Amino acid sequence: EEISYKKIQLNKALPDNHEQQIFSLSDNEYIWKIRRLRLINNKVVQIEEAKIPVSVFPEMNAEIIESSIQKHALSKGLQIDSYLTTYQAVNVSKEDAELLGCKKNVAAMNITNRGFLASGELFIVSDIIDINYQCTYHTPFNSESMSYRDKK
């Protein structure tokens, strides 16, 4: 399936106190605030809002936003280590429904990602609203967890 992105917004801004803290930024360091749509076969399925320190990506433009931010990070020689991801069921807001082409209050998945580099540095925080969320995981059996539960 064809995946593409469409830029909605790109702003360079001073971070608020929370953003400054999570990215370990000083008072004069900026972040990129990005908003984009993710399309599959030209159908909008996600709205993503991302924040990235300007120090990580001094250059940012529509071409980068409308492609893979992960691939851009790797092309710069950054080593992505892991993501901390949270999933939460939500209802779509009126504003988001207009962008997604659905009705207000339709069920959706809110996916929040924090991306970490091998250095431990947080390089991106993204918040995604997905109206067509489906995910399958293959996980190894955790015998330690079973033993722990059996002891209780």
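Student: In which helix of this predicted model is Lys94 found?
Tutor: The model is predicted. The element in which Lys94 is found is helix 4.

Student: Is Lys94 buried or exposed?
Tutor: The relative accessible area of Lys94 is 55%. Exposed residues are those over 50%, so Lys94, at 55%, is exposed.

Student: Is Asp96 buried or exposed?
Tutor: Asp96 also has its place in helix 4, which covers residues 94–100. Its relative accessible area is 13%. The limit for a buried residue is under 20%, and therefore Asp96, at 13%, is buried.

Student: Which residues does Asp96 touch, not counting residues up to four places away in sequence?
Tutor: Asp96 lies in helix 4, and its neighbours in sequence up to four places away are left out of the count. The residues that remain are Arg35, Ile47 and Ile129.

Student: How many bridges pair strand 2 with strand 3, and in which sense?
Tutor: Strand 2 spans residues 31–40, and strand 3 spans residues 43–53. Among the paired positions, Arg36 has Glu48 in strand 3 as its bridge partner. The pairing is antiparallel, and the number of bridges is 10.

Student: Which residue in strand 6 stands opposite Ala50?
Tutor: Strand 3 is also joined to strand 6, residues 122–130, by six bridges, and the two run antiparallel. Opposite Ala50, the residue in strand 6 is Ser126.

Student: How many of the 11 residues of strand 3 are buried?
Tutor: Strand 3 pairs with strand 2 and is joined to strand 6. Strand 3 is mostly covered, and the number of its buried residues is eight.

Student: Which residues of the largest nonpolar core touch the most other members?
Tutor: This core holds 15 residues. Strand 2, strand 3, helix 2, helix 3 and strand 6 each supply at least two of its residues. One of the residues asked for, Met60, touches Leu10, Trp32, Ile34, Ile52 and Ile65, not counting residues up to four places away in sequence. Those that touch the most other members are Ile34, Ile52, Phe57 and Met60.

Student: How many residues form the second, separate core?
Tutor: This core includes Val44, Leu100, Ala108 and Ile129. Ile129 is also one of the residues that Asp96 touches. The number of residues in the second core is nine.

Key:
Residues numbered from 1 in each chain as written. Predicted model: local features only at pLDDT ≥ 70, side-chain atom pairs only at ≥ 80, totals over all residues. Heavy atoms only, no water. Helix = DSSP H or I, 4+ residues; strand = E, 2+ residues; numbered from the N terminus. Buried < 20%, exposed > 50% of the residue type's maximum accessible area, 1.4 Å probe, protein only. Contact = heavy atoms within 4.5 Å. Pairing = 2+ DSSP bridges. Core = buried A, V, L, I, M, F, W, Y, C linked by side-chain atoms within 4.5 Å.
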